[in-house]
Amino acid sequence: MTNFPEWFSLNDGLISAAAFCNEAVPDECFSNMLEYLFRTIDNPTIRNQPETDPEIEIEKLCTEANQLSEQEFRLVLQSLAYLVKRSLKFMLKPSNLQADLRNHLQLTESKSNCFVKHWIQATKIILDALTTEEIGKSNQLEDVSWKVRAQLSSEPRQKDKLALGQLELKTAERNVNLELNSSELVEFYNQLERIQIELDSLKVGSL
């Protein structure tokens, strides 16, 4: 039985967009699209970026993707924006992310690797933002809230609901939302436990 990805819903639009990326979008143009999207979507450092006109940037990207019609370009950009947003809302392993892009969307290896590269850079920025301090404000964790919700499986032949835990990490600067399934939640817990063990060992060593 095929294991469908839980961080995005597979549909004809996504499949068509992936085919356009493989056949008509040069790797450099594809990378520029992802750079633009990861820079402008859910990025805590966007306020520090120089102001640019989104329409001008999109027009430049459209020119680079000159083998696509305007309609095809819009579909590709909207589909990549959806994937970027979804990838930033879930705790993912880079290897699983790459495998999902290759196996379910049939993106080429070079384009899958490119997406993972930009995703790693973007998530590092977000994590760094949570551990830094700004003038007069602290990014220390202030509160954690959670809830459980269910969504329908992305498998067309399967109507089972998937249970997802939603965590919200609140700081003085921003809120970070995570969606995790049961196995991801266990892994997250195990990571926190390893961090606690490391902190305890450092505390003992300083006595």
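Glutamine 98 is found in helix H5, where helices (H or I, at least four residues) and strands (E, at least two) are DSSP runs numbered from the N terminus. The model is a predicted one, in which local features need pLDDT of at least 70 and side-chain atom pairs count only at pLDDT 80 or more, while totals for chains, interfaces and linings use all residues. Residues are numbered from 1 along each chain as its sequence is written, and side-chain values use heavy atoms, with hydrogens and water left out.

Glutamine 98 has a relative accessibility of 19% and counts as buried; buried means under 20% relative accessible area, exposed over 50%, and partly exposed in between, with a 1.4 Å probe and protein chains only. Apart from its neighbours within four places in sequence, glutamine 98 is in contact (heavy atoms within 4.5 Å) with Glu109, Ser112, Asn113 and Val116. The buried residues of H5, which spans residues 94–103, are Leu97, Gln98, Asp100 and Leu101. They lie on the same side of H5, because they cover an arc of only 160° around the axis, the arc being that of the directions from the helix axis to the C-beta atoms. In general, an α-helix has 3.6 residues a turn, so residues three or four places apart point the same way.

The protein as a whole has seven helices and three strands. From the N terminus on, its elements run α-α-α-α-α-α-β-β-β-α. Of its 207 residues, 38% count as buried. Among contacts between residues at least 6 apart in sequence, 67% join residues at least 24 apart. The accessible surface, from the Shrake-Rupley method with a 1.4 Å probe and, for residues, only the protein chains shown as cover, comes to about 12,900 Å², of which 53% belongs to carbon and sulfur atoms.

Helix H4, residues 70–89, has 20 residues and reaches 29 Å from its first C-alpha to its last, close to the 28 Å expected at 1.5 Å a residue. The expected span is 1.5 Å times one less than the number of residues. Buried residues in H4 include Phe73, Val76, Leu77, Leu80, Leu83, Val84 and Leu88, and also Arg86.

Two aromatic pairs are counted. Rings of Phe, Tyr and Trp (its six-membered ring) pair if their centres lie within 6.5 Å; planes under 30 degrees apart count as stacked, over 60 as edge-to-face and the rest as tilted. Tryptophan 7 and phenylalanine 8 have ring centres 4.7 Å apart and planes at 80°, so the pair is edge-to-face. Both tryptophan 7 and phenylalanine 8 are buried. Phenylalanine 38 and phenylalanine 115 also form an edge-to-face pair, at 5.6 Å centre to centre and 70° between the planes. This pair links distant parts of the chain, with phenylalanine 38 in helix H2 (residues 27–40) and phenylalanine 115 in helix H6 (residues 109–130), 77 residues apart. Phenylalanine 38 and phenylalanine 115 are both buried.

The cysteines remain. A search of the whole structure finds zero disulfides, a disulfide being a pair of cysteine sulfur atoms within 2.5 Å. The sulfur of cysteine 62 is 8.9 Å from the closest cysteine sulfur, that of cysteine 29, which is too far for a bond. Cysteine 62 is partly exposed at 26% relative accessible area, whereas cysteine 114 is buried at 13%.

Asparagine 66 sits in the loop between helix H3 (54–64) and H4. Its relative accessibility is 62%, so asparagine 66 counts as exposed. The C-alpha atoms of asparagine 66 and cysteine 29 are separated by 9.9 Å, the two residues being 37 residues apart along the chain.
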